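Below is a short report on a two-chain model, with attention to one of the chains. The sequence and structure come first, and the text follows.

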Amino acid sequence: MNHLVILIPIALGLGLAGLFAFVWCLRSGQYDDLDGAAERILTDD
Amino acid sequence: MSCCSTTPLGKDCSSGDGLSKNTRSKADAVVSKQSAPAGCGCGCGAGASNGLEEEVRSLSTPLDNGEQQLVVVIPAMHCAGCISKIEKGLHALPQVVSARANLSTRRVTIVWDDRLGQGSDLRKTISELGFEHHLLGQADDGESHLEAQGRSLLLCLAVAGFASANIMLLSVSVWSGADHATTQLFHLLSGLIAVPAVAFAGRPFFASALSALRNGHLNMDVPISLAVLLSLAMGVFESMNGGHEAYFDACVTLLFFLLIGRTLDHHMRLKARGAVASLAKLTAPGALEVLDNGQTRYVASQDISEGMRLRVQAGERLPVDGVVMSGSTDVDRSLVTGESDPVSIAPGSDLEAGVLNLTGSIDLQATGTADTSFLAEIQRMMEAAEQGRGRYRRIADRMASIYAPAVHLLAFITFIGWLFVTGGDWKTSLYVAIAVLIITCPCALGLAVPVVHVVGASRLFREGILVRDGGALERMAEVDTAVFDKTGTLTKGEPRLDHCEGLQAEDLPALYALASRSSHPASKAVLQGLHDRFLDAGVLSQDGTGAGSVTALSAIKEVPGLGMEGIMGGKRVRLGRPSWVADIAVVKGDAPAMYAGSNASLMFACEGTRPAVLSTRDALRPDARASVAHLSRLGISNQILSGDRRDKVWTLGAELDISTVEGDLLPGEKLKHIEKLGADGRKTLMVGDGLNDAPALTAAHVSMAPASASEVGRMASDFVFLNGSLGAVPVAYEISKHTGRFVRQNFGLALLYNAIAVPLAMTGFVTPLIAAIAMSASSIVVVANSMRLWQVRVFKGSETAMQGDEDRIGARGLGSNLGPNLGRSLGLSGTATIASGGQADQQKVPA
């Protein structure tokens with residue numbers, strides 16, 4: 001039972017971290033131009 | 001990766017503006033600088049810059065710090081090379097603060113400072129880079145609303161995904177036999193995650209269900225919302241009271257799956273919109289008013305009143321209807337008639353708003369305001385037609401109207417039945433009834449339609465066809481009559497140099513110089529023709545001069561309505577109307593007979609020499625014949641409706657083997673014809689491109705337009721095909737047919753699943769574990785079945801599409817990768833796959 005007390009918050013915390021990371025990406029416009037982002041890697045500068 | 005410079009893309013743009021303008025400016029350098037007062041005709045003359053500057057300024061949005069933001073649409077932008085070319089080119093201008101290209105929407109957002117330079121230079125720079133472009137008007141509310149909705153759906157999807165993953169983690173331990181205390185704890189934890197998650201991620205469904213109930217009918221969202229809410233409530237109640245029947249996992253997974261379907265559906269609509277919408281505004285934003293003292297001042301379109309005297313330069317569009325007061329010119333009335341052949345205009349002629357002035361500057365008197373113009377009239381016709389179409393009910397809604405009451409009835413019967421059997425144990429009876437509601441799987445049904453539609457749309461995308469929404473696929477599958485417009489639809493709508501007779505090699509530079517100074521479609525056709533035939537052969541060098549010989553062509557001027565004239569070696573040279581050119585040429589024998597028989601539209605001559613006859617022709621679209629024949633084989637009757645002269649339409653009808661042919665039709669008459677077909681019970685597919693087709697496109701059961709169509713034409717259409725081949729029409733029809741078949745199959749699968757699961761649920765055998773497995777399994781089966789749509793075979797054209805390389809590259813890539821990548825693109829990156837496809841195409845081009 002003791003390990004659950006540690007593991008479950010860790011699992012939830014990691015999930016939440018992922019969720020917040022996604023929300024942040026979405027808000028900061030990183031999903032606005034997926035095609036462009038994929039192409040820009042090819043530019044020299 | 002500078003594919004722009006190596007692909008024929010630049011060349012393609014030139015049919016519009018790009019290259020021809022480049023070469024034109026090069027030709028300018030060779031030819032003496034004495035330009036005609038009419039300017040170069042492309043609207044960049046000094047006289048017109050006032051209006052263009054105003055246009056850029058009026059469409060820019062002022063930012064807080066005094067800078068301006070302008071959004072430019074560049075349809076041909078498709079790769080990293082284009083992006084960096086455009087961004088670098090713009091950054092080189094002093095007034096540009098930032099320029100950021102968005103490849104998904106094909107737009108460039110430019111922040112510029114009007115204190116540091118002119119706005120019209122921005123447009124000039126983009127043109128000089130070889131890109132056709134359009135300014136985007138003030139932000140389209142509908143579109144930004146759709147985008148915001150898409151983002152909120154993604155957010156809901158992310159929350160539902162997080163919740164279902166975590167709850168599933170806890171549920172698996174419960175199923176695998178956790179002891180009582182642990183089960184209790186895990187249920188409580190699940191509840192803590194599920195309640196806020198459902199409250200947040202369920203909103204799209206709850207809102208839609210509520211609005212349906214408020215209007216007194218049922219849609220699919222009603223049973224979905226009910227199942228989600230009831231299972232949540234039951235879970236909370238159970239975990240509070242230490243029970244085992246907690247359906248938290250089923251509840252959030254259901255939401256997650258349904259949100260995937262919803263997000264895909266939304267993405268598809270948004271993408272089609274982004275690519276289809278957004279091009280040039282047809283009405284001029286304003287015009288120069290001629291004041292009594294001869295001065296001019298700029299007035300915005302909405303401020304123009306009847307009787308105002310306006311000056312319209314070459315290259316500009318008319319803002320309102322009007323009568324020509326002075327000046328003569330050629331105009332492009334293709335908006336009204338659909339015909340691209342220019343018409344000469346003299347004082348006294350009536351012109352409609354939106355007509356493009358090609359060669360000379362004219363003064364006209366406004367006969368109406370922007371609200372009473374021809375364009376406004378078209379708008380009204382379209383709105384009326386749109387309302388008629390709104391009555392169509394999509395298959396999912398029709399299913400829901402049967403399904404929802406059936407499910408509720410079943411649950412109710414179960415409840416009553418169990419009450420009766422257990423002798424009044426309402427708690428058990430309620431549990432079983434809720435289990436029925438949950439397991440009847442709105443999940444498979446909710447996915448059955450959107451997944452097939454998305455796969456169908458992606459498949460169409462691979463074939464170079466954009467579709468506006470799933471409803472269009474359903475309507476397309478019902479079509480029994482196809483109605484085509486002529487110019488621009490069955491034909492390419494741009495004249496090409498077909499045949500030249502008597503042309504001497506030493507004349508070429510002069511001809512080139514004359515043609516390059518005019519924006520008249522015939523001149524463009526000649527220029528393009530010379531390019532294709534002689535440039536590669538080395539007869540003509542890149543800058544338009546003859547190999548070795550230096551031509552001194554001076555005093556080039558455009559004579560409105562007649563053609564181009566210049567002086568070479570003291571002699572006049574002319575390119576234009578045959579009778580006018582024949583005046584200076586030596587014509588042996590019977591002059592009229594020489595060009596009466598042929599379809600000569602142009603002649604070219606040096607004073608005192610024999611004239612050369614140049615004929616232009618509007619070629620059929622690739623695959624036009626095969627497509628029409630294929631449609632007839634599929635049992636669809638074909639018709640042609642055109643605004644062109646009757647005899648021309650008949651000839652084309654005979655050529656394509658279409659017997660029902662109508663010519664000389666005005667926009668309103670086309671609309672009537674379509675409405676009459678509809679009244680006769682026919683399901684019509686209208687294929688057209690022009691503004692004059694727009695009301696008919698809106699009124700037809702389903703409609704289709706080429707990418708080269710006018711903006712209004714494209715906006716009015718359900719399908720837009722990008723690759724220029726008319727083969728897109730049978731392809732769209734066949735894929736729609738298959739899509740309909742797969743939708744029905746999916747419904748069949750969902751019903752089969754229900755036929756097994758519902759009796760289990762009604763008899764009380766369902767546990768949360770069984771529910772979770774059954775629901776996921778049914779969803780996977782439905783999605784897997786939809787994927788088979790990638791494999792179906794459709795019409796393949798034999799001719800290659802010559803036109804629209806730029807579109808083809810983007811479009812082909814998108815679809816081909818969407819299939820395998822669907823998992824990746826689910827909601828999150830529906831567009832990410834364009835890029836890799838684009839690269840694949842680029843790699844074929846030798847660097």
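D657(B) sits in the loop that runs between helix 24 (646-656) and strand 24 (660-662) of chain B. Helices (H or I, at least four residues) and strands (E, at least two) are DSSP runs, numbered from the N terminus. The model is predicted: local features need pLDDT of at least 70, side-chain atom pairs count only at pLDDT 80 or more, and totals for chains, interfaces and linings use all residues. Residues are numbered from 1 along each chain as its sequence is written, and chains are lettered from A and ligands numbered from 1 in the order in which they are written.

The phi of D657(B) is near 65°, a positive value in a residue other than glycine. D657(B) is exposed, with 11 other C-beta atoms within 10 Å. D664(B) lies in the loop between strand 24 and helix 25 (667-679) of chain B. Its phi is near 55°, again positive in a residue other than glycine, and D664(B) is exposed, with 12 other C-beta atoms within 10 Å.

## Chain B overall

Chain B has 32 helices and 27 strands. Of its 847 residues, 55% are buried. Among contacts in chain B between residues at least 6 apart in sequence, 72% join residues at least 24 apart; a contact here means that the C-beta atoms of two residues, placed from the backbone, lie within 7 Å.

An open sheet of 6 strands in chain B has the order 7-6-8-14-9-12, with antiparallel pairing. Its edge strands are strand 7 and strand 12 (350-351) of chain B, each pairing on one side only. Two strands pair if DSSP finds at least two bridges between them. Strands of a sheet pair through backbone hydrogen bonds, either parallel or antiparallel.

Strand 6 (residues 286-290) of chain B pairs with strand 7 (residues 296-300) of chain B in the antiparallel sense over 5 bridges. G286(B) has A300(B) as its bridge partner in strand 7 of chain B, and A287(B) stands opposite V299(B). The hairpin of these strands has 5 residues between them, and G294(B) there takes a positive phi near 85°. Strand 6 of chain B also pairs with strand 8 (residues 309-312) of chain B, antiparallel over 2 bridges; in strand 8, L310(B) is the bridge partner of E289(B).

## Packing of helices 15 and 29

Helix 15 (residues 426-439) and helix 29 (residues 768-787) of chain B pack at an angle of about 20°, with their axes 10 Å apart. Axes are lines fitted to C-alpha atoms, for helices over the stretch in contact, and angles run from 0 to 180 degrees between N-to-C directions. The angle makes helix 15 of chain B roughly parallel to helix 29 of chain B, a label for angles under 35 degrees.

The contact is made by A435(B), I438(B) and I439(B) of helix 15 and A771(B), A774(B) and M775(B) of helix 29. These residues divide into 6 nonpolar, no polar and no charged. Ala, Val, Leu, Ile, Met, Phe, Trp, Tyr, Cys and Pro count as nonpolar, Asp, Glu, Lys and Arg as charged, and the others, Gly among them, as polar.

## Where chain B meets chain A

In the interface, 24 residues of chain B are in contact with 19 residues of chain A. Helix 7 of chain B gives the largest share of the chain B side, 9 residues. By class, that side has 17 nonpolar, 6 polar and 1 charged residues.

How values were computed
A residue is buried if 20 or more other C-beta atoms lie within 10 Å of its own, exposed if 12 or fewer, and partly exposed in between; C-beta atoms are placed from the backbone. Angles under 35 degrees count as roughly parallel, over 145 as roughly antiparallel, 65 to 115 as roughly perpendicular and the rest as oblique.
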